[in-house]
Amino acid sequence: MDVLGQDIRYSGRMLLKNPVTTAVAILSLALGIGANTAIFSLLNALILRPLPIRDPGQLVRLSTTTPANPDREGSLSLAMYQQIRKDQRVFSDLFAWDGGGIVNIEANGVKYAASVSTVTGAYFSTLGIQPRLGRLITPEDLSLDRGSPAAVAVIDYGCWQRRYYGDPAVIGKSIRVADRPLTIIGVTPERFSGLIIDAAPDVTVPIGFTGRTTYRDRKSIGLGVFARLKPGITIEQARAQLESMWPATLEASLPEGYAGAKREAFLGRRIVIASASTGSSFLRAKYTRPLFVLMAMGGLLLLIACANLANLMLARAAGRRHEFGIRIALGSGKWRIVRQMLTEGLMLSVTGAVLGVVIANWASRLLLDTMWTGLVPMALDASPDLRVLGFTALTSLLTGLLFGVS
């Protein structure tokens, strides 16, 4: 450790002897590492970061495909959902969800348009979400087969802060959603913003909260269905059971009056099950490939920076030939000289990485603002987490080694 400390102190003195050259090197690295970190931050937020729920790896989504569009996944009807719920043996619970709709809201006397999610009663319990205040929607708040659901609403933490200024007395107040007065019964926790990672709903309400019953029509196939796998059950096992019971599910949920081609088309649907650990996103399908392309370009930019810095280090090493000769004459081995150069390279790359994280935080926010064109505020969180910081540290290490040994 004493030898390493000596190397670090000596490297610091040598780098400070050429402040302009050192500053140029650090800035070049900061731009290269920062660009790569910013893009990786977005990829991490879009496709890697799991939902902030209990055991996100156990959450799955059920969808359907048709013979006409086998590659396009669609929704389920309420009848399908209820039949699956009745017959399945592989899920600890499941819920139906319809999210991302924009409706008019009046909260605390202010009218505005915002995203609303409509859910069945097991939504919050299946996700393992606990309220920040009050309580959350439960099966007792809904009656899917008869009557109307309770006139209640759960507001998002962000809505609570923006519209009610974090007032703890918000429970029991009224909020109008699509011109229907509802009673606020709870506030979601700060980290949970729903299943759509880039557009958090201001309000979550029971399905059918408006009093309309069109969702009960068997022809209405517009519900997302999510489920939690039982402990020890894999997706493959769940898929096998769903596929075995699917023909009976379709027969039981067949709309009245469907015959001939309509009947065959309906019964030709297939069930699909996939992991939902990272939630849904409006931006994911559109921007994942372009971000990978940008990542490749950022990597090329960093390689060019490394090549330039390698030339710079070689030029500095040539200028220090006399110094190295004296050190070798005094007993320093060649490995000690190489280690000294590596230490200088790593100090440059680490300093560049620290500045790069600052640049990346700003650049990722700028990219998000460019990507998002929605009517509601962006909810995607691209701030650095341990995965991003680990990526930055690894990039910094590889960069320092790459131009340090060149």
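Biologist: Let's start with a cysteine: why is Cys306 called buried?

Modeller: Happy to. This is a predicted model, and in it Cys306 has a relative accessible area of 4%. Buried means under 20%, so Cys306 is buried.

Biologist: Let's step back to the whole chain. How much of it is buried?

Modeller: Of the 406 residues in the protein chain, 46% are buried. The chain exposes about 20100 Å², with 59% of that supplied by carbon and sulfur atoms. As for its secondary structure, there are 11 helices and 11 strands.

Biologist: Why is strand 1 described as largely enclosed by the rest of the structure?

Modeller: Strand 1 covers residues 59–65, and six of its seven residues are buried, so the rest of the structure largely encloses it.

Biologist: How do you know that strand 1 pairs with strand 10?

Modeller: Pairing asks for at least two bridges. Four bridges join strand 1 to strand 10 (residues 221–229), so the two strands pair, and they run antiparallel. Leu62 stands opposite Val225 of strand 10.

Biologist: What about strand 1 and strand 11: how many bridges do they pair over?

Modeller: Six, again in the antiparallel sense, with strand 11 spanning residues 270–275. Ser63 has Val272 in strand 11 as its bridge partner.

Biologist: On to charged side chains. Why is the contact between Arg85 and Asp93 called a salt bridge?

Modeller: Their closest N and O atoms are 2.9 Å apart and the limit is 4 Å, so Arg85 and Asp93 form a salt bridge. A search of the whole structure finds eight salt bridges.

Biologist: What makes Arg135 and Asp141 fall into their accessibility classes?

Modeller: Arg135 has 37% relative accessibility, so it counts as partly exposed, whereas Asp141 has 6% and therefore counts as buried. Their side chains meet in a salt bridge at 2.9 Å, N to O.

Biologist: How do you know that Lys173 and Asp167 form a salt bridge?

Modeller: The closest N and O atoms are 3.2 Å apart, which is within 4 Å, so the pair qualifies. Lys173 is partly exposed at 32%, and Asp167 is partly exposed at 26%. Elsewhere, salt bridges with shared partners join Arg49, Asp381, Asp385 and Arg387 into one network.

Biologist: Which residues of the largest nonpolar core touch the most other members?

Modeller: Phe91, Tyr123, Leu127 and Leu195, out of the 69 residues in that core. Setting aside neighbours within four places in sequence, Leu127 is in contact with residues including Ile53, Leu59, Phe95, Phe192 and Leu195. A second, separate core has 21 residues, among them Ala107, Val187, Val203 and Val205.

Biologist: And how many contacts join residues at least 24 apart in sequence?

Modeller: Counting contacts between residues at least 6 apart, 79% join residues at least 24 apart.

Technical notes:
Residues are numbered from 1 along each chain as its sequence is written. This is a predicted model: local features need pLDDT of at least 70, side-chain atom pairs count only at pLDDT 80 or more; totals for chains, interfaces and linings use all residues. Side-chain values use heavy atoms; hydrogens and water are left out. Buried means under 20% relative accessible area, exposed over 50%, partly exposed in between (1.4 Å probe, protein chains only). Contact means heavy atoms within 4.5 Å. Accessible areas come from the Shrake-Rupley method with a 1.4 Å probe; for residues, only the protein chains shown count as cover. A nonpolar core is a set of buried Ala, Val, Leu, Ile, Met, Phe, Trp, Tyr and Cys residues joined through side-chain atoms within 4.5 Å.
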